[in-house]
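Please keep the sequence and the structure in view while reading.

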Amino acid sequence: MDRDRVEVLSLPSYSSRSRALTIMDTEKTDAAAYHTSRGEFSDISNHDGESMQRSLRNTNTLQRKLKNRHITMISIGGVIGTGLFVGTADSLSQGGPIGLLLGYIVMGSIVYCVMITLGEMISYLPIPGGPIKLAERFVDPAFSFAVGWNYWYSWTITSPAEFSAAVVLINFWNPSVNNSVWVVICIVVVLAINMLGAGAYGEAEFIFASIKVITITSLIIIGIVIDLGGGPDHDRIGFRYWKNPGPFVQYNGIEGVKGQFLGFWAVLMQAAFSFLGTEIVAIAAGEAKNPRRNLPKAIRRVYIRILLFYIGGTFIIGLLVPSNDPHLQLGRNTAAKSPFVIAIEKAGIKSLPSIINACLLTSAWSAASSDLYTASRAIYGLAISGNAPKVFLKTSRNGLPYVAILFSASFSLLTFMAVSNNAGSVFIWFSNMTSVAGLMTWFGISVTYLRFYKGMQAQGIDRKTFPYYTNLQPYAAWWGAVSTVTICFFSGWNVFLKGEWSIATFITNYILFITWPIMYFGARFYYGTKPVAPEDMDFKTDIAEIVADMYDDPPPKSKLESFLQWLRYLQ
């Protein structure tokens with residue numbers, strides 16, 4: 001049997017017993033293994049086990065088309081996006097160089113804990129739906145309902161944020177052209193990539209991620225050279241801007257330590273947006289070849305990428321650009337730019353700003369493409385669980401969930417808000433909305449792992465037998481759960497400052513934080529579900545098929561493959 005055409009899907013029911021379905025390619029398998037009783041909630045079966053079976057027989061499924069090198073670059077590229085290249089402009093103006101650096105260090109620690117938490121679960125059970133399906137299996141179907149729709153919302157709304165960032169970058173060259181032109185071009189490019197299938201997405205992300213890695217590495221090196229006086233102006237900057245205008249910004253003019261702390265706290269939400277995407281590799285698990293071998297490689301040593309790209313990048317930005325530079329004001333300045341472009345322009349390096357801006361534009365396209373990919377697979381996973389209409393299960397013969405893609409892509413039309421408003425302002429609006437959703441996703445992942453850990457203890461399962469594990473658990477999961485909820489709770493604190501009340505800001509920061517528990521408890525009440533007991537958790541279903549899908553990677557056949565193999569060791 002061709003292992004590349006095997007897809008393992010966990011199809012749960014809303015009862016106290018765990019049930020699953022192993023779905024192979026429609027030419028070679030039968031879906032009769034799945035059974036359900038009448039009265040259980042499932043849109044895709046109409047509460048009827050037989051109609052579920054008929055539906056699945058007539059429905060193609062996702063296929064494993066993402067190769068090892070795709071997973072490698074998706075995992076690397078997932079932590080590099082417009083949040084770092086563009087969003088840091090506002091963060092530097094609000095928090096100062098030290099506030100910016102500390103904010104990214106704190107958020108980086110949260111992301112690292114979430115990633116190793118997710119990595120242990122998804123490398124053991126690399127099933128379609130990723131954290132959505134894991135939440136259902138180890139916490140509660142109602143919890144999966146809340147996590148799933150939150151996750152879909154997060155990635156659906158992130159796309160307009162990335163497109164808005166792309167418009168900001170394009171305006172660097174020609175701000176006179178109507179922004180609607182750039183919005184249409186960006187949407188068409190991203191939609192085309194996703195409609196060509198997972199293989200095309202993997203190839204595009206491989207190219208885009210390679211450009212991003214080269215770009216951020218080059219920017220860090222160029223930044224060090226400029227800071228030490230190696231630019232055309234031979235101005236040795238050193239730590240000049242840490243002294244004047246200073247290491248911190250007095251947020252909103254508030255004096256003393258209080259104003260400095262508020263500036264640092266303001267950085268956290270933008271930093272959260274910058275880190276969104278690190279968990280994309282988990283969603284890609286359902287379409288990854290040899291997942292039990294490749295996923296641990298992608299997740300291991302993620303701290304190196306966080307330290308190099310984000311901590312290193314923000315440190316350089318704080319050295320090169322003063323926090324009071326007017327071009328940092330994304331929400332107030334139509335000539336806003338990336339801090340990296342500002343620094344290179346200040347150093348007097350001609351032509352390079354345009355080259356760097358073009359590279360940053362590919363980053364925006366890459367991030368938007370990943371957003372659409374993840375959103376479509378998230379709603380596909382929701383449909384598998386019966387938490388979304390069965391129409392989203394429709395796929396083409398090559399396993400492309402085209403209905404899910406088109407539906408999720410339709411929300412990208414919100415980017416046309418950038419036509420009538422400042423594109424920088426629109427970027428900030430959407431990034432604030434998605435930051436809370438992303439943090440709640442990380443909260444859901446952390447809670448899922450705590451239940452996963454409890455189940456392993458109750459059933460006497462040794463974590464050291466897993467493809468990936470760390471000794472930081474369960475403390476890492478607790479840090480992820482507590483910190484994300486705390487940051488979400490205080491996300492809209494600035495509206496409570498004197499004279500700063502804004503209904504729009506309050507709603508965008510707290511609407512999802514409020515509706516998330518409503519979705520969870522509402523689903524529990526409506527469907528009568530309850531948390532899965534640790535001793536009843538299912539650690540065995542799908543494992544035989546997943547293990548059978550493992551194989552040793554062939555030795556590198558070219559210098560490029562040798563380089564990628566070396567790159568994987570850095571992970």
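Is Asn252 buried, partly exposed or exposed? With a relative accessibility of 45%, Asn252 counts as partly exposed; buried means under 20% relative accessible area, exposed over 50%, and partly exposed in between (1.4 Å probe, protein chains only).

## Basis of the report

The model is predicted: local features need pLDDT of at least 70, side-chain atom pairs count only at pLDDT 80 or more, and totals for chains, interfaces and linings use all residues. Residues are numbered from 1 along each chain as its sequence is written, and side-chain values use heavy atoms, with hydrogens and water left out.

## Overall architecture

The protein chain contains 21 helices and zero strands; helices (H or I, at least four residues) and strands (E, at least two) are DSSP runs, numbered from the N terminus. Of its 571 residues, 61% count as buried. The accessible surface of the chain is about 21,700 Å², and carbon and sulfur atoms account for 62% of this surface; the areas come from the Shrake-Rupley method with a 1.4 Å probe, and for residues only the protein chains shown count as cover.

Among contacts in the chain with a separation of 6 or more, 79% are between residues 24 or more positions apart. Contact here means heavy atoms within 4.5 Å.

The whole structure holds 36 aromatic pairs. Rings of Phe, Tyr and Trp (its six-membered ring) pair if their centres lie within 6.5 Å; planes under 30 degrees apart count as stacked, over 60 as edge-to-face and the rest as tilted.

Ring pairs join Phe138 and Phe452 with Tyr124, Tyr449, Tyr453, Phe466 and Phe539 in a cluster. Beyond its neighbours within four places in sequence, Phe452 is in contact with Glu120, Met121, Tyr124, Phe138, Phe466 and Phe539. The C-alpha atoms of Phe452 and Met537 are 8.2 Å apart, although 85 residues separate the two in sequence.

## Salt bridges

A search of the whole structure finds five salt bridges, each a side-chain nitrogen of Lys or Arg within 4 Å of a carboxyl oxygen of Asp or Glu. One of them joins the side chains of Glu120 and Arg463 (2.7 Å, N to O). Glu120 lies in helix H3 (residues 82–124) and Arg463 in the loop between H17 and H18, so this pair ties together parts that are 343 residues apart in sequence. Both Glu120 and Arg463 are buried.

Arg524 and Asp140 form another salt bridge through their side chains (3.7 Å, N to O). Because Arg524 lies in helix H19 and Asp140 in the loop between H4 and helix H5 (141–170), the pair ties together parts 384 residues apart in sequence. Arg524 is partly exposed, at a relative accessible area of 26%, whereas Asp140 is buried at 0%.

## A nonpolar surface patch

Phe496, Trp501, Ile503, Ile507 and Ile511 make a nonpolar surface patch of about 550 Å². Patches are made of residues with over 30% relative accessible area and no salt bridge: like charges are joined within 9 Å, nonpolar side chains (Val, Leu, Ile, Met, Phe, Trp, Tyr) within 5 Å. Ile503 is part of helix H19 (residues 503–527) and is exposed, with a relative accessible area of 55%.

## Backbone features

Most residues other than glycine have a negative phi, and most peptide bonds are trans. Asn252, in the loop between H8 and H9, has a positive phi near 55°. His234 also has a positive phi, of about 55°; His234 lies in the loop between helix H7 (198–227) and H8 and is exposed at 61% relative accessibility.

Asn244 and Pro245 are joined by a cis peptide bond with omega about 15°, and Pro245 sits in the loop between helix H8 (240–243) and helix H9 (256–275). A cis peptide bond also joins Gln473 and Pro474, with omega about 5°; Pro474 is in the loop between H17 and helix H18 (475–489).
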